[in-house]
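User: I am new to this structure and would like to go through its domains and helix packing step by step. Could you take my questions in turn?

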Amino acid sequence: MTDSDVIDSYARDRTFVEPGKPLGAVLATSREDVETTLRWATENRVPVVPRGAGTGLAGGATAGDGSIVLSLAKMTAIRELSPADEIAVVEPGVITADLDRAAREHGLMYAPDPSSYEISTIGGNLATNAGGLRCVKYGVTRDSVLGLEVVLADGRVVNTGRRTLKGVTGYDLTGLLVGSEGTLGVITEATVRLRRAPQRPPATFAAEFGSLREAGAAVSAIVAAGCQPSLMELLDRATLEAIDDMRNIGLEAETMAMLIGQSDASDGEAAVARMEELCTANGATFVAVSSSPQETEQLIGVRRMAYEAKERLGACLVEDVCVPRSALADMIGAIEAAAVRHGVRICTVAHAGDGNLHPVFVFEHGTVEPPPEVWAATDEVFTHALSLGGTLTGEHGVGVLKRRWLDMEAGPVVRDLHHSIKAAFDPLGILNPGKAI
């Protein structure tokens, strides 16, 4: 496609980042389409920006001037689903939730479940090594990927990994490609691991706290007690107010934070009862345990609508620092302090069970670039996360928005290694230039 109005919708992701003017967009329906596109791009020295559904939050799928956007969204086949081997072979345009639903017909599940799971694609999840609500127990996308089919920048096809649960032949190219944000190759097929679905609905609780720090302390206590939650989500007051404004969830005036936890273990009710006790011991003002699958869906639905609710407040810079779980309360305090010090509205949610926080910096709609005070607050948050032994990004990727802080975490030697790897896979530098590294 070359119509400028149509191309524009393929040139941007879910961030505020303004894309350039690409030459056109290719809507691939097969691996052969991808091979042809990349061979042509190599011959003509044209940059290529791969994309899935465009739900990314780091600017990784935004197109630059003179590039070709390569959409994989129409490659939607689940080529194989093997209950015996507990694997699936899928194309990159498969919607994450659709794969999970297909697996559950066989008593299995696809574990990774980012909040955008109903609209995000497997290919996009692979590109960013996406996490999600269940990652506290089941890990991130990389932990569920066994093998890949990848088209390199010059159109050659490489198969990495395996169909087996174990395998150590050669370097782990599969692990390297997952999370590479489209800078090393274009994934056209993935062999992913499925897991046994829980025999019964998970037990779920919601706890309200008078402060975010108390909620953070409860999370630390739950982890230390070995309760092994399958989900542990934390929402601050600003996020709850945004959700209440959108859906009227009956938010109480004294509630400053909410913790939503879940256990899908065989003894889930006992695990949740123990988590309920620990919440109360750490200052919870109210704890409720769901009594039906419908109530559970309502509670999880509150968490999943968080980003949509915040988008109504203004433009959003969405970050995803991750710290050791023992440092969660400290990191929460630093985010609160940065908001006050710089006069910035920050709404925070967290995959609290694995220390992954999402501070969302809200600024005025229509603003092309976040104002200086937002960048100053962001810089303070990142600096503090790194001082705690954390990382700049737990699951969204670097894209373009985090490149300014990359050297703070990686350092010059790691940067040189990254550039060497990039040159080996993509010597002309045409794959998603300016992203990730």
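User: To begin with the overall layout, into which domains is the chain divided?

Analyst: Please keep in mind that this is a predicted model, and that the bounds of the domains come from an automatic or database domain assignment. On that basis the chain is divided into three stretches, namely domain 1 (4–71), domain 2 (78–196) and domain 3 (199–307).

User: What is the area buried between domain 1 and domain 2?

Analyst: The C-alpha centres of domain 1 and domain 2 lie 21 Å apart, and across the boundary 12 residues of domain 1 are in contact with 14 residues of domain 2. Carbon and sulfur atoms give 67% of the area buried between these two domains. That buried area is about 1,100 Å².

User: Turning to the helices, how are α7 and α9 oriented to each other?

Analyst: Helix α7 covers residues 212–224 and helix α9 covers residues 268–281, and their axes come within 9 Å and cross at roughly 140 degrees. An angle over 145 degrees would count as roughly antiparallel, whereas the angle here is roughly 140 degrees. The two helices, α7 and α9, are therefore oblique to each other.

User: Which residues of α9 are met by α7, and of what class are the residues in this contact?

Analyst: From the side of α7, the residues that take part are Ala 218, Ala 221 and Ile 222, and they meet Met 275, Leu 278 and Cys 279 in α9. By class, the contact of α7 with α9 has no polar and no charged residues, and six that are nonpolar.

User: How are α7 and α12 oriented to each other?

Analyst: The axes of α7 and α12 come within 8 Å and cross at roughly 160 degrees, and α7 passes α12 in a right-handed crossing. Because an angle over 145 degrees counts as roughly antiparallel, α7 and α12 are therefore roughly antiparallel.

User: How many charged residues are there in the contact of α12 with α13?

Analyst: Helix α12 (residues 328–342) and helix α13 (residues 372–387) have axes that come within 9 Å and cross at roughly 160 degrees, in a crossing that is right-handed. Among the residues that make the contact are Asp 330 and Arg 341 of α12, together with Glu 373 and Glu 380 of α13. Divided by class, the residues of this contact are nine nonpolar, two polar and, as the number asked for, four charged.

How values were computed
Residues are numbered from 1 along each chain as its sequence is written. This is a predicted model: local features need pLDDT of at least 70, side-chain atom pairs count only at pLDDT 80 or more; totals for chains, interfaces and linings use all residues. Side-chain values use heavy atoms; hydrogens and water are left out. Axes are lines fitted to C-alpha atoms, for helices over the stretch in contact, and angles run from 0 to 180 degrees between N-to-C directions. Helices (H or I, at least four residues) and strands (E, at least two) are DSSP runs, numbered from the N terminus. Angles under 35 degrees count as roughly parallel, over 145 as roughly antiparallel, 65 to 115 as roughly perpendicular and the rest as oblique. Contact means heavy atoms within 4.5 Å. Ala, Val, Leu, Ile, Met, Phe, Trp, Tyr, Cys and Pro count as nonpolar, Asp, Glu, Lys and Arg as charged, and the others, Gly among them, as polar. Buried area is the accessible area (1.4 Å probe) that two parts lose on being put together, summed over both. A crossing is left-handed if the near helix is turned anticlockwise from the far one by less than a right angle, and right-handed if clockwise.
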